[in-house]
Amino acid sequence: RRAQSDKRNNMSKINLETLEDALNEIKKLSEEKKRNFLETVELQISLKNYDPSKDKRFSGAIALPACPRKTFSVCLIGNEKHMAEAKEIGIDCLSADEAKKMKKNKKLVKKLAKKYDAFIASSTLIKKLPRLMGPGLSKAGKFPAGISNTENMQTKIDELKSTIKFALKSKKTMCLGVPVGQVNLSTEDLRINIVMAVNKLVSLLKKNWQNVKRLYIKSTMGPSHRIYGF
């Protein structure tokens, strides 16, 4: 395990000591100032040598080894088999007919997109969805992940819950943030998640590390700690 994580770290330009100090500080503060909810640890990224209005938009996703979220709501748009499965594990679901009724009402689709963190759809339906519902879910960046009849739904949902996405929210911003864990994860798990997330981000950027100005980590209520770009 150690050799494997060392290998992962070698790809990164982050000083491990700086990262561990920041993580220890975040965890210590969360212990001292107990909140009535579980704080999320977020990686904040500031870019450089990149023009969001002209340069090619980048986007990508990675499933992290330790799940970075506590709450994550999923909705299924599915066939009968999948709807029965979803009800069994307590997942909200919509039939194709219910989805179809939303096409003429953009506000309903917008409301639906806001209500859930992610969507899954039966793979038999996925190609028909834009025609059935219109482009609302795509516009919200929440186009469903496909699920086949042979896949395990709970496994699929757990994978979505562990996946973080990188994308700039508008053509005017050079900053983005992603969740990389919660304060109750071990320092080691947080460290591995952060290094993997950073390496993935860097691989998406045209000039790799030359596009990264600064990196920070912070808990929901805590101060920012710079881990790169001094």
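Which residue does the side chain of Glu85 meet in a salt bridge? In this predicted model, the partner is Lys81, with nitrogen and oxygen 2.8 Å apart. The two residues sit four positions apart in helix 3, which covers residues 80-88, so about one helical turn separates them. Glu85 counts as partly exposed, at a relative accessible area of 23%, and Lys81 is likewise partly exposed, at 39%.

Let me turn to the other salt bridges, of which a search of the whole structure finds five, the Glu85 pair included. Another of them joins Arg191 to Glu20, with an N to O distance of 3.2 Å. Here Arg191 belongs to helix 9 (residues 187-204) and Glu20 to helix 2 (residues 16-32), so this pair ties together parts that lie 171 residues apart in sequence. Arg191 is buried, with a relative accessible area of 0%, whereas Glu20 is partly exposed, at 28%. These two residues also belong to a network of salt bridges that links Glu20, Glu188 and Arg191. I would also point out Lys34, which forms a salt bridge with Glu31, their closest N and O atoms being 3.4 Å apart, and in this case both Lys34 and Glu31 are exposed.

Finally, the cysteines. The structure holds zero disulfides, and for Cys67 the reason is distance, because its sulfur lies 19 Å from the closest cysteine sulfur, that of Cys75, which is too far for a bond. Cys67 itself is partly exposed, with a relative accessible area of 27%, and Cys175 also counts as partly exposed, at 46% relative accessibility.

Methods
Residues are numbered from 1 along each chain as its sequence is written. This is a predicted model: local features need pLDDT of at least 70, side-chain atom pairs count only at pLDDT 80 or more; totals for chains, interfaces and linings use all residues. Side-chain values use heavy atoms; hydrogens and water are left out. A disulfide is a pair of cysteine sulfur atoms within 2.5 Å. Buried means under 20% relative accessible area, exposed over 50%, partly exposed in between (1.4 Å probe, protein chains only). A salt bridge is a side-chain nitrogen of Lys or Arg within 4 Å of a carboxyl oxygen of Asp or Glu.
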